[in-house]
Structure formats: structure tokens, C-alpha cells
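Here is a short report on one protein chain. Look over the sequence and the model, then read on.

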Amino acid sequence: MTREEEMAVVKKVLAGDVNAFEILVTENQKSVYNLALKIMKNESDALDVSQDVFLKAYTNLKHFRGDSRFSVWLYRLAYNACIDATRKSKASMNVSLTVTDEDSTSTEMEITDTRPLPERELERRETQREVQEAISQLPEDQRKIIVMREFSDMPYEDIAQALDISVGTVKSRLSRARKSLAKILVQNGTFSPPKRLNKSEGRNRKNG
């Protein structure tokens, strides 16, 4: 469905043709459900969230200004609904701690492990809390990218569609977001600084 066709249907719904909304549901229900399933990791929860999304879309359709395609607007509603549902269920989140530059150079962030074994579970929970707190300090555009990619494992193309940006912009923002997050975690003492080889170590490894 083209942007013009979407807007035509939206106008019909706003004019009082309730049945026309079913066209928008049929057109987008698969992509909304797939997004919900990626984030919720559960078919039942994904179905519940999907139904809530279309209900919200219908009740808030008057706020749709047409600045983007209806499908993009709906995708954003779905993403926000999934994140809200995840927070309410207090689902645990894990984040990749590999910082990748735009030139694909990766640096592993190391967890400082100095506590006794019986306290490892407590440490894991505390680290998880500190990571989430650090993420909350990121600028909104970086925070969204981190959550979509690292928590929800969304493909770059889906993120680009949800945020109405190019795939290239997704990758560059994700790179900046990872660097910012790593910097905050190091400053907070959650992680030790990344190890980097000095020149002599690099030569020794090559010679070895």
C-alpha cells in the first residue's frame, strides 16, 4: 500500500467509516506482530501487545499528522508498546559489551570479577542495573538505537523503518551509542577500560 493509499484510508476512518480501519489492520498486522514477537520473545505476549497497538492506533488516529507513512507511525506505536510491556513485566535485559567502531573494529569491555563465587548472582544483577541506568543517561536517539538493536535484536532495516531513517544512519548512531555507553560504564567503574596493545606488544605478537 502506497503512502497516498494509506492516507486515503485514514481519512475514511476519520470521516466515520469504522470498517475502513480493518484495511489498515490487514495491511500491517503481520509486521506489528513480528516486531512484538522479537521484543516480547513470547507468542501470547506478542499477540496481546499487537491487539493493544491497533486499539491505540484507532483511538489515537486523530493525532496522526501524516508526516510519515501510517505504517511507520504504527511501527513506532508498536515499539513503544512493547518496551512499556517489557518494563512492566520487569523482564531482564542483557546488552552486548562489544564496542564496534564504524570501521568494524571491535573492542571487548571486560567485567571486573573480584567477588567470591557465592556473590556472583548478586554481582550480575547489580551490573544489569548499572547498565540499564547508564542507558537511561544516553540521548534519546542513542537510547532507542541501543534498545532496539541490543535488547530486541532488531535488524538494521526494521530499525530504520521504525525511526524513519536510513540504514547507514542506524549504523552510525549505533556506533556512537555503544561508545557513549561504554564511556559511561567505565567512568562509573562498572567495567574496566578496554585493553589495547602497545606497539611493542603488537610487534611481539606478530613475531611470535
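Which backbone oxygen lies 3.0 Å from a polar atom of the side chain of Ser172? The backbone oxygen belongs to Thr169. Such a pair is a polar contact: N or O atoms within 3.5 Å, where, within protein, one must be able to donate a hydrogen and the other to accept it, and residues adjacent in sequence count only if both atoms are side-chain atoms.

## About the model

This is a predicted model: local features need pLDDT of at least 70, side-chain atom pairs count only at pLDDT 80 or more, and totals for chains, interfaces and linings use all residues. Residues are numbered from 1 along each chain as its sequence is written, and side-chain values use heavy atoms, with hydrogens and water left out.

## The chain as a whole

The chain has 9 helices and 4 strands. Both kinds of element are DSSP runs, numbered from the N terminus: helices are H or I with at least four residues, and strands are E with at least two. Read from the N terminus, the order is α-α-α-α-β-β-β-α-α-α-α-β-α.

The chain holds 208 residues, and 38% of them are buried. Buried means under 20% relative accessible area, exposed means over 50%, and partly exposed lies in between (1.4 Å probe, protein chains only). Now take the contacts with a separation of 6 or more: 63% of them join residues 24 or more positions apart. Contact means heavy atoms within 4.5 Å.

## Helices α1 and α2

Helix α1 spans residues 3-14. Its axis comes within 8 Å of the axis of α2, and the two cross at roughly 140 degrees. Axes are lines fitted to C-alpha atoms, for helices over the stretch in contact, and angles run from 0 to 180 degrees between N-to-C directions. α1 and α2 are therefore oblique to each other. Angles under 35 degrees count as roughly parallel, over 145 as roughly antiparallel, 65 to 115 as roughly perpendicular, and the rest as oblique.

Which residues meet here? Glu6, Val9, Val10 and Val13 of α1 meet Phe21, Ile23 and Leu24 of α2. By class, this contact has 6 nonpolar, no polar and 1 charged residues. Ala, Val, Leu, Ile, Met, Phe, Trp, Tyr, Cys and Pro count as nonpolar, Asp, Glu, Lys and Arg as charged, and the others, Gly among them, as polar.

## Helices α2 and α3

Helix α2 covers residues 21-40 and helix α3 covers residues 43-59. Their axes come within 8 Å and cross at roughly 140 degrees, so α2 and α3 are oblique to each other. The contact includes Phe21, Leu24 and Val25 of α2, and Val53, Phe54 and Tyr58 of α3. Its residues divide into 15 nonpolar, 3 polar and 2 charged.

Ser31 also sits in α2. Ser31 counts as partly exposed because its relative accessibility is 31%. Leu74 is 43 residues away from Ser31 along the chain, and their C-alpha atoms are separated by 9.8 Å.

## From α7 to α8

Helix α7 runs over residues 156-163, and its buried residues include Ile159, Ala160 and Leu163. Asp164 follows α7 and is found in the loop between α7 and α8. Asp164 is not a glycine, yet its phi is positive, about 60 degrees. Is Asp164 buried or partly exposed? Asp164 counts as partly exposed, because its relative accessibility is 46%.

Ser172 lies in helix α8, residues 167-187. Ser172 counts as buried, because its relative accessibility is 18%.
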